[in-house]
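Open the model in your viewer and keep the selection tool at hand.

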Amino acid sequence: MDSPGLDHDAVVSYITETFPGVDVVTAMGATFFSLDSDKHWPNFATIVTTDEHDMGSPSNLGARPNVYRLNIGVSRETYDRLVGGATDPDYAALDRVLPHPVYARQHWVSILNPSAETFDTVVEPLLKEAHDRIAATRASHPNVG
């Protein structure tokens, strides 16, 4: 099955080239992006290629080669604006910003295989917000995450 949108490696390249000092860890079918090379936490974004850690395989990643889910931690305001009113989202839909199937309560959003247009207009600002939130926390509290 063809999977529209940017591929996994293009997203990893964008994040690592755009945000200085990003720490990248790959494990268990996931890529984690943080600003802490010691603890690798907290993450501001993740990319998963498997549903094995999600209850019920909501994104149906295992059955669709080359489909991945980009997860981004955003502010409460951004979360509410984008997906706060979502009821019964289709977590397997491509190129749509959705509440994260597991971490929505922590204000994480997700998107499967964003198109180039969606990436440029929607995802890039969300990644910047997520990165900047973690960077600001680190700057104001250097000994915390």
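Start with the lining of the largest pocket: 13 residues are nonpolar, nine polar and three charged. Here Ala, Val, Leu, Ile, Met, Phe, Trp, Tyr, Cys and Pro count as nonpolar, Asp, Glu, Lys and Arg as charged, and the others, Gly among them, as polar. This is a predicted model: local features need pLDDT of at least 70, side-chain atom pairs count only at pLDDT 80 or more, and totals for chains, interfaces and linings use all residues. Numbering runs from 1 along each chain as its sequence is written, and side-chain values use heavy atoms, with hydrogens and water left out.

Stay at the pocket. Select Trp 41, Asn 43, Thr 46, Tyr 103 and Trp 108, which of the 25 lining residues lie nearest its centre. The elements giving two or more residues to this lining are β2 (30-34), β3, β4 and α3. β3 gives the most, with four residues. The volume of the largest pocket is about 620 Å³. A pocket is an open set of points on a 1 Å grid over the protein atoms alone, where a 1.4 Å probe fits, with protein on both sides within 12 Å along at least five of seven lines; lining residues have an atom within 4 Å of a point. The points are joined across faces, edges and corners, and the volume is the space filled by probe spheres set on them.

Next, colour the strands. Six of them form an open antiparallel sheet, in the order β1-β2-β3-β4-β6-β5. The edge strands, β1 (23-27) and β5 (98-99), each pair on one side only. Strands are DSSP runs of E, at least two residues, and helices runs of H or I, at least four, numbered from the N terminus. Pairing takes at least two DSSP bridges between two strands.

Zoom in on β3 (residues 43-48) and β4 (residues 69-73), which are joined by four bridges. Select Ile 47: its bridge partner in β4 is Leu 70.

Now select Ser 110, in strand β6 (residues 108-112). Is Ser 110 buried or exposed? Ser 110 is buried, because its relative accessible area is 1% and buried means under 20%, exposed over 50%, partly exposed in between (1.4 Å probe, protein chains only). Its contacts (heavy atoms within 4.5 Å) beyond four places in sequence include Arg 69, Leu 70, Val 97 and His 100.

Finish at Ser 37, in the loop between β2 and β3. Ser 37 counts as exposed, at 55% relative accessibility. Select Val 22 too: the two C-alpha atoms are 8.2 Å apart, and the residues 15 apart along the chain.
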